Amino acid sequence: MTQTSAHPNHDLARELRESQLTGGLKHFIGGEWVDSQSGETFQSHTPTDNSALVTVASGDAADIDRAARAAHDAFQTWREVSGAERRNILHKIADLIEKRSQEIAVLESVDTGQAIRFMKSAAARGAENFRFYADRAPGAQDGESLPAPGFLNYSIRQPIGPVGVITPWNTPFMLSTWKIAPALAAGCTVVHKPAEWSPVTATLLAEIMDEAGLPKGVHNLVHGFGESAGKALTEHPLIKAVAFVGETVTGSHIMRQGADTLKRVHFELGGKNPVVVFDDADLDKALDAVVFMIYSLNGERCTSSSRVLIQEGIYDEFTARIAERARNIRVGDPLDPDTEVGPLVHPRHFQKVMGYFDKAREEGATIAAGGERVGGEGNYVSPTLFTGARNDMRISQEEIFGPVLTAIPFTDEADALVLANDVKYGLAGYLWTNDLTRAHRFAHGLEAGMIWVNSENVRHLPTPFGGVKNSGIGRDGGDYSFEFYMETKNIAISLGTHKTARLGVGQAPVVQKEVAEG
Ligand code: NAD
């Protein structure tokens, strides 16, 4: 582990912990900071040494009910606010995020263990999400004109109502803005339940939105555990839709929990994304992308390329180059700007990731780099590469969600496609080849919602973001988000030429006597 020298980020972190966290985190409901009605709290910890970070209000069904009612009441007026006014407020939110971006980045690092070098851009991306949807707010209700003989049909879109947003712990600030910004732009009101392992920046976001002038009750925040606060949110009758980012198995629970109230759901779930490297590719660029897409963000990233499929002629050399890079990665204090991999979010997640080092050995794979704990305290693991793996091993099939890469050889294009698709997930895929025809053919056959050819994941907000198979339902991004947060209504106007079939204007039917007389 790289040794930490004193850095100004530590002073800022100390200052912020004193000013922001000593009083504990409360819920934000109907424009007020409140404790849980039960008075319950829980303790959140920092992954650097697992010491106590902050006391957090622990919400349950009563707090969710209060927040859902606040969101319901606020919806009656927020839905009528003009698109231009919504745009102004959302831009103001983006301005304030930018103003507090250093604070957001430092607190996110302390809370999640993500390296500060990546959290700075995560805060900036949060602001971008608000700006992007701010500019789309005035057009959110736009529909289509669909003329038919004798009729003018036109559609409009209207906000669905109060929505629940449930987010995970890996990059919580950015992911929350990705959901909340389009919901507000559409005219929906929100109840947000952030992950219990990283609750801090959701509180900052609520403060920012309040300061930006968002009317009371339009955005509500309830902290707490999935099985209590999260479950109650998905079951509440006033909540019309649930936007969820998290594990596949939690998505199944939410679908069941929302069944009685017929919730509309949008799921962004897990992945075991392949990066396929053919022997004709630009291997230097491919190497950079492969290393970046698994070891950045601690590998706690839904679109991480956690399975690398390498053509057999270049397998040994390419895996040796990955291993060398992995061994050079700087693991350490997340607040140090030189750190590339920080501690994993929680001791339970740390144990899960460590467990895969044992599984790899049991399954007969080789640990070509890493595969061990780093340092004596905190949740640090070394960037890891498994070689000699087969696609049917658990290290190839299961989402590890850490800085852990499994390398599998393939013979030809057909073999690569079978291996790439032979998992239950289908979020993202990455393809490295200089054969243009093959690139298109392979991309069409690959079972994934998003595919990058000769590139790592590069974000483009208008494009559809989401997965197939067990990786999700629905798409975010551009207009796709509005399809989820809004109802489409069709209005048919007759042009006056249309003839309605007339009933009850003919001769009364003659009833046969015998029948009538019985
Ligand atoms: P998780 O499913 O354990 O928790 C996510 C959220 O759901 C938390 O807020 C949790 O409290 C809540 N929750 C848990 N049980 C619930 C229930 N029964 N009802 C309602 N809410 C409940 O996920 P996690 O461990 O926090 O996050 C990691 C997972 O998120 C990984 O699988 C990762 O791939 C996925 N993820 C996906 C994307 C994507 O875009 N597809 C992005 C980021 C993370």
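Reader: By class, how many residues of the shell around the ligand are nonpolar, polar and charged?

Author: Please note that this is a predicted model. In the shell around the ligand, 14 residues are nonpolar, 9 are polar and 6 are charged.

Reader: And which residues come nearest to the ligand?

Author: There are 29 residues around the ligand, and those that come nearest are K193, E196, T250, L269 and E399.

Reader: Let us take T250, then. What lies 2.6 Å from an oxygen atom of the ligand?

Author: That is a polar side-chain atom of T250. The backbone takes part elsewhere: a backbone N or O atom of T167 is 2.8 Å from an oxygen atom of the ligand, and for E247 a polar backbone atom lies 2.9 Å from a ligand oxygen atom.

Reader: How much of the ligand's accessible area does the protein cover?

Author: On its own the ligand has 850 Å² of accessible area, and the protein covers 92% of that. The space that the ligand takes is the largest pocket.

Reader: Changing topic, which helix gives the largest share of the shell?

Author: Helix 9 does, with 4 residues. Helix 9 spans 248-257, and helix 8 (226-235) and strand 9 (241-245) also supply at least two residues each.

Reader: Why does the ligand lie between the two domains?

Author: The ligand lies between them because domain 1 (8-269 + 471-488) and domain 2 (274-461) both contribute residues to the shell around it.

Note on methods
Residues are numbered from 1 along each chain as its sequence is written. This is a predicted model: local features need pLDDT of at least 70, side-chain atom pairs count only at pLDDT 80 or more; totals for chains, interfaces and linings use all residues. Side-chain values use heavy atoms; hydrogens and water are left out. A residue is near a molecule or strand if one of its heavy atoms lies within 4 Å of it. A polar contact is a pair of N or O atoms within 3.5 Å; within protein, one must be able to donate a hydrogen and the other to accept it, and residues adjacent in sequence count only if both atoms are side-chain atoms. Accessible areas come from the Shrake-Rupley method with a 1.4 Å probe; for residues, only the protein chains shown count as cover. On a 1 Å grid over the protein atoms alone, a cavity is a set of points where a 1.4 Å probe fits but cannot get out, and a pocket is an open set with protein on both sides within 12 Å along at least five of seven lines; lining residues have an atom within 4 Å of a point. A molecule sits in a cavity or pocket if more than half of its atoms lie within 2 Å of its grid points. Ala, Val, Leu, Ile, Met, Phe, Trp, Tyr, Cys and Pro count as nonpolar, Asp, Glu, Lys and Arg as charged, and the others, Gly among them, as polar. Domain bounds come from an automatic or database domain assignment.
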